[in-house]
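Dear colleague,

Please find below the structure that I am handing over to you. My findings follow it.

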Amino acid sequence: MPSPLGLWRTAHPPLNRLTGRTARWMRRACRPAALAVAWMASASLAPAAAQTLPQWQAIAAREQPALLKTLQQLVEIESGSSDREGLERIAAVVAQRLRDAGGQVELIEPGADLYRMFDTPARVGPMVKARFQGTGGRRVLLIAHMDTVYPRGMLAQQPFRIEGTRAYGLGIADDKQGVAMILHLMAMLKAANVRDYGEITVLINGDEEISSPASRQLLTQLGAQHDAVLSFEGGGGPAGPDTLRLATSGIAAANLSVKGRASHAGAAPEKGVNALYELSHQLLQARDLSDPPNGKQLHWTIAKAGTVRNVIPALAEASADVRVDRVSDFDGLEAALRQRIQNKLLPESEVSLSFERRRPPLQAGEAARALAARAQALAAEQGMTLEVRDQPTGGGTDAAFAALATQAPVLEGLGTRGYGAHSNNAEFIQIDAIAPKLLLATRLVMAIGSGQALPAAKP
Ligand SMILES: [Zn+2]
């Protein structure tokens, strides 16, 4: 696809050959938003509504190198989900950038509503929340996460680098590009003096990769307070097309624990209660709970038992990975498992189950389908292909928490295209995909905020 600036150039003479007011405007418009903030202060720019698509395309094209610089800064701060110090540093950078874009910014610490799971670190990272007050009536929530799956120290082996049309770095696709997209989207709105939205709220959390123990409640609460939610996980692979997702999988972990009784395996095996035997029985009798055509999957993936060879094991544990397409299926699967474990092989053993709801599914609703169609129309105007996927494919994201208590549209995949999330090497984003997607997200926020992209508000 030709770059937007390329398209713009074919339709317009070079900037330095333009004269008069248009030339002044275009020369200003082609500076990055960071600089544009200064020229906006001069108040000589036409109001946002008067800006044409080619003008916006030129602005977004000029924003792309600035966004790459931001990405370098974000990638060079290691921020694994358990790296509290790194998360504090990246949160401070994100907070300052949102303040610069005109937001009222709060750093939010994990609270008493934290949902603790087996892998929740002792100290979870802070959240950055920013509110931008407009003059219109519609409220938009923008979300992305600043934590990664990578532990401290990996940056030295895999630093940020640009090779050809790709920018590489750990966490660059998942989800530092999403953070950078939101920062630059807000900077562009400020630079262009777009204020006809009611309110835009930005929430950047630091615990998405560990199933959002601290941010899940706030995501649900904020989702319910806004007219639309846009989530900035990556939206498509390197070769394209750009994609939006209306559905994601719900993810849970079923953890079985069996207590038996230890005894000498050679001298007095009959005095023991073999927890490993009981666990094996439990796993086999709970191996048929998957129902793939209905989007339900339960697979035992981890088991451990015993300590040394000559002792009848007193403890055995196993975990299953659970995926569902509908929120209610969590309850159904948990109930089925609880019923199954009543049937024991060794009556003296104790069997217990914990069912960790790691994240709910996102289900495609009518409002999301309508907003996605609007996004597709905006994309078509830009010459972009935007594919809308309404079936989950096994992955889960924070969009689902934001959708849990609202009928408002929630769209996932507003981030740019890339590859290699969680891959430990070769994670990258496609540089030439940045400007079109940034522009699309910006125009979608403007259309929602001004009320053009949503049905009329109920009285
Ligand atoms: Zn992610």
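How many bridges join strand β5 to strand β18? In this predicted model, three bridges link β5, residues 166–168, with β18, residues 428–430, and the two strands run antiparallel. Within this pair, R166 has Q430 of β18 as its bridge partner.

Both strands belong to an open sheet of four strands, ordered β4-β5-β18-β17, with antiparallel pairing. Its edges are β4 (161–163) and β17 (418–419), each of which pairs on one side only.

A helix accompanies this sheet. Helix α6, spanning residues 172–191, lies across β5, β17 and β18, and runs at about 55 degrees to β18. Helix α6 is mostly covered, since 20 of its 20 residues are buried. After α6 comes N193, which has a positive phi, near 60 degrees.

I also examined a pair of helices. Helix α10 (residues 366–381) packs with helix α12 (residues 434–449) at an angle of about 130 degrees, and their axes are 10 Å apart. Because of that angle, α10 is oblique to α12. The crossing in which α10 passes α12 is right-handed.

On the α10 side of this contact are R374, A375, L378 and A379, which meet L440, R443, L444 and A447 of α12. By class, the residues of the contact comprise six nonpolar and two charged ones, with no polar residue. As a general point, an α-helix has 3.6 residues a turn, so residues three or four places apart point the same way.

Yours sincerely

Terms used
Residues numbered from 1 in each chain as written. Predicted model: local features only at pLDDT ≥ 70, side-chain atom pairs only at ≥ 80, totals over all residues. Pairing = 2+ DSSP bridges. Contact = placed C-beta atoms within 7 Å. Axes fitted to C-alpha atoms, helices over the stretch in contact; angles between N-to-C directions. Buried ≥ 20, exposed ≤ 12 C-beta atoms within 10 Å, placed from the backbone. Parallel < 35°, antiparallel > 145°, perpendicular 65-115°, else oblique. Left-handed = near helix turned anticlockwise from the far one by under 90°. Nonpolar A, V, L, I, M, F, W, Y, C, P; charged D, E, K, R; others polar.
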